[in-house]
Amino acid sequence: MSTKSKKFLNFLKTTENLIKNKKLHTFKSLLNFIEDKKNSDTDYKILNTQIRTMTMIDLLIRTESLLKGHFELSSGLHSNQYFQCAKLLQYPEYAEKTGKQLAELFDANKIDAVLGPALGGIIIGYETAKALGKKSIFTERKDGIMTLKRGFHINKGDRVIIIEDVITTAKSTMESIKIIESFGGNIAGIGCIVDRSKRQTALKIESLIQIDPEIYTPEECPMCKLGQSIEKPGSRTQVAE
Ligand SMILES: [Zn+2]
């Protein structure tokens, strides 16, 4: 076995234990895949994608950005997982590392600017732009409408990538696409840290990790049926008095 493969397997062992201890069963398929590959000669290119995923999982666990349990989402639906990107991005070191990983998915020579829809896309958009050596701009909502303000400008023919923290319905992505196109700019790519779209959008999305959480209506929720206490993450707000 090559040194690369040995190094990779050591890395996997550590991360695998992390995942097992946290019982993140979403990654079962990933673990099965790795189990299959373990004893064969590794296809390093495929495994490289897995390394990226595992590195991300490791970061998400370390920063407690990915929680498992019984959660009420802002939509009112229940889920067995909750993901809060701000918890990962609050550490500049990890934000930078994540931006670098996202930048690797794109070709800097084919990009003029990076656009991150506010709020979620601002920090990670900036870090990705930094790694690509391009300018970083953001769209934001004004009275519910996505806009490009603050003197940001897209030149006709500019190749722009859209970077988000999480993509679920891709609503803000779609709105940002319209803005870029209204300036005569071209969409050079779409990327996010976590892709939760379940490949339900027509967009080609590059992501560091794909997560398909189990989502239920309160009436159908199996965790409710088991009487498990529910958490409402992200709802605790500290107010200055
Ligand atoms: Zn429930």
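Colleague: Which strands do the buried residues of α7 pack against?

Modeller: This is a predicted model, so every value here is computed from it. The buried residues of α7 pack against β3, β6 (145-147), β7 and β8.

Colleague: Which residues of α7 are buried?

Modeller: Ser-172, Thr-173, Ser-176 and Ile-180 are buried. Seen down the axis of α7, these buried residues fall within an arc of 100°, so they line one face of the helix. On the other side, Lys-171, Lys-178 and Ser-182 are exposed.

Colleague: Why is Ser-176 called buried?

Modeller: The cut-off is 20 or more other C-beta atoms within 10 Å. Ser-176 has 26, so it is buried.

Colleague: What does Ser-176 touch, leaving out residues up to four places away in sequence?

Modeller: Ser-176 touches Leu-115, Pro-117, Thr-139, Met-146 and Ile-162. Take Pro-117: it is 59 residues from Ser-176 along the chain, and their C-alpha atoms are separated by 7.0 Å.

Colleague: How do you know that the span of α7 agrees with its number of residues?

Modeller: Helix α7 covers residues 171-182, which is twelve residues. At 1.5 Å a residue it should span 16 Å. Its end C-alpha atoms are 17 Å apart, which agrees. Just after α7, Gly-184 takes a positive phi of about 85°.

Colleague: Now α6. What span is expected for it, and what does it reach?

Modeller: Helix α6, residues 120-132, has 13 residues. The expected span is 18 Å, and α6 reaches 19 Å from its first C-alpha to its last, which is close. Gly-133 follows α6, with a positive phi near 75°.

Colleague: What makes α6 largely enclosed?

Modeller: Twelve of its 13 residues are buried, so the rest of the structure largely encloses α6. Among them are Gly-121, Ile-123, Tyr-126 and Glu-127. The buried residues of α6 pack against α4 (85-89), α5 (92-103), β3 (113-115), β4 (135-137), β7 (159-167) and β8 (186-195).

Colleague: What is Leu-115 in contact with, leaving aside neighbours within four places in sequence?

Modeller: Its contacts include Gly-125, Ile-137, Val-160, Ser-176 and Ile-180.

Colleague: Why are β4 and β9 said to stand at the edges of the sheet?

Modeller: The sheet is open, has five strands in the order β4-β3-β7-β8-β9, and its pairing is parallel. β4 and β9 each have a single partner strand, so one side of each is left without a neighbour in the sheet. From one strand to the next, the twist averages 20°.

Colleague: How do you know that β8 and β9 pair?

Modeller: A pair needs at least two bridges. Four join β8 to β9, so these parallel strands pass. Asp-195 stands opposite Gln-210 in β9.

Colleague: At what angles do the two helices run to β7?

Modeller: α6 lies across β3, β4, β7 and β8, at about 135° to β7. α7 packs on the sheet, touching β3, β7 and β8, and its direction makes about 165° with that of β7.

Definitions and conventions:
Residues numbered from 1 in each chain as written. Predicted model: local features only at pLDDT ≥ 70, side-chain atom pairs only at ≥ 80, totals over all residues. Expected span 1.5 Å × (residues − 1). Contact = placed C-beta atoms within 7 Å. Arc of directions from axis to C-beta. Axes fitted to C-alpha atoms, helices over the stretch in contact; angles between N-to-C directions.
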